[in-house]
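Visitor: Please show me the model, and then let us go through it by question and answer.

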Amino acid sequence: MLKLTDDGAKITLQGQQQTADNGLFWFGSALLVGAVAVAMAMSLLPERLAIGALALLIIGSFIFNRQRLKHKKSMSGMISSGVLWVRNGELVHDNQGKREHIQLTAENRITLTGEQLEIADIDGTRKYHISGFDSIQEAKAAQAILEGQTFTKRHANIKMSNDSSVSESEKNNQ
């Protein structure tokens, strides 16, 4: 839902919320199973092999945690739900009480792909991927505001109660 404000727009994103980090659950489960296996090895195997099993548990835990953090880092910058406050050169993403202020520079490129916005550095490195807009018009409006274009209520589409969309400019032409 798009709501125009004095200095930009407020957009409620309708996309799927990012899945919770269940990597911690799997890490804990693997650690528990490994600890039980090491305890069994300590009671059944010679001392050197038991120490080797403990070392394998520690190394495995380290590798698993490193992979989980790498995956979590790759998912950063994905915005698909919550409320997006869009102003000229600035975004504020509010998702369940967590607010993230995003300042854009003149070098940032804002591209529109379907109903999704992608914000990239001058060298093409993706910083943010925004999806969950209700319509292409909301995505276009967000892009226009971020690029500094003035956006007034005259440009916005108005949803009528009978489920048909008519813009004010179309109404004025009739």
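Guide: A residue counts as buried under 20% relative accessible area, as exposed over 50%, and as partly exposed in between. The model is predicted.

Visitor: Is Val-36 buried, partly exposed or exposed?

Guide: Val-36 is found in helix H1. Its relative accessible area is 48%.

Visitor: Over how many bridges do E7 and E8 pair?

Guide: Strand E7 covers residues 109-113 and strand E8 covers residues 116-120. Thr-111 stands opposite Glu-118 in E8, and Thr-113 stands opposite Gln-116 in E8. The two strands pair in the antiparallel sense, and the number of bridges is five.

Visitor: Which residue in the hairpin of E7 and E8 takes a positive phi?

Guide: This hairpin has two residues between the strands. The positive phi is near 65°, and the residue that takes it is Gly-114.

Visitor: What is the phi of Gly-124, in the turn between E8 and E9?

Guide: E8 and strand E9, residues 126-130, pair in the antiparallel sense over four bridges. Ala-120 stands opposite Arg-126 in E9. The hairpin has five residues between its strands, and Gly-124 in the turn has a positive phi of about 95°.

Visitor: Which strands stand at the edges of the open sheet?

Guide: The open sheet has four strands with mixed pairing, in the order E3-E9-E8-E7. A strand at the edge has a single partner strand, so one side of it is left without a neighbour in the sheet. The edge strands are E3 (78-79) and E7.

Visitor: What angle does the direction of helix H3 make with that of E7?

Guide: Helix H3, residues 136-146, packs on the sheet and touches E7 and E8. The angle between the direction of H3 and that of E7 is about 170°.

Note on methods: Residues numbered from 1 in each chain as written. Predicted model: local features only at pLDDT ≥ 70, side-chain atom pairs only at ≥ 80, totals over all residues. Heavy atoms only, no water. Pairing = 2+ DSSP bridges. Contact = heavy atoms within 4.5 Å. Axes fitted to C-alpha atoms, helices over the stretch in contact; angles between N-to-C directions. Buried < 20%, exposed > 50% of the residue type's maximum accessible area, 1.4 Å probe, protein only.
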